[in-house]
Amino acid sequence: MDNSKWAFAPDAPEWPVNAKGEKERAVLLTSTFDSTADADMLISLLAAYRIPCFKYFDYEGGAGKVINGFSGYGASLYVPASLLEDAKEILEAEPVEEPEQPQA
């Protein structure tokens, strides 16, 4: 991956493009509370699976983010249309726990 361009997250997955070379349409994945524990964690989880995602603040949420540090209206998370089902499966997956090994 070319990290020579300026970006907030240089390791963020590239947004897919269609046959015409235009960026694919963004679709709503979910709406969540705007906090590091919610929205940012979900974005990081999706990025680990190479699914690009961005956060959009509804209504006047952007102003609340600047003034309070979080948006009182929450945040909407968007992904490329072609990756929507994959993203939903990742968010709905149950964690897999390995049984504890007896200590010797």
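1. A salt bridge is a side-chain nitrogen of Lys or Arg within 4 Å of a carboxyl oxygen of Asp or Glu, and by this rule the count comes to 1 salt bridge. The model is predicted, so that local features need pLDDT of at least 70 and side-chain atom pairs count only at pLDDT 80 or more, while totals for chains, interfaces and linings use all residues. Residues are numbered from 1 along each chain as its sequence is written, and side-chain values use heavy atoms, with hydrogens and water left out.

2. The salt bridge joins the side chains of aspartate 40 and lysine 55, at 2.7 Å from N to O. Aspartate 40 lies in helix H1 (residues 36-48) and lysine 55 in strand S2, 15 residues apart; helices (H or I, at least four residues) and strands (E, at least two) are DSSP runs, numbered from the N terminus.

3. Aspartate 40 counts as partly exposed because its relative accessibility is 28%, and lysine 55 counts as partly exposed at 23%; buried means under 20% relative accessible area, exposed over 50%, and partly exposed in between (1.4 Å probe, protein chains only).

4. The structure holds 3 aromatic pairs, where rings of Phe, Tyr and Trp (its six-membered ring) pair if their centres lie within 6.5 Å, and planes under 30 degrees apart count as stacked, over 60 as edge-to-face and the rest as tilted. One of them is tilted, because the rings of tryptophan 15 and phenylalanine 54 have their planes at 45°, with centres 5.6 Å apart.

5. Tryptophan 15, at 18% relative accessibility, counts as buried, whereas phenylalanine 54, at 35%, counts as partly exposed.
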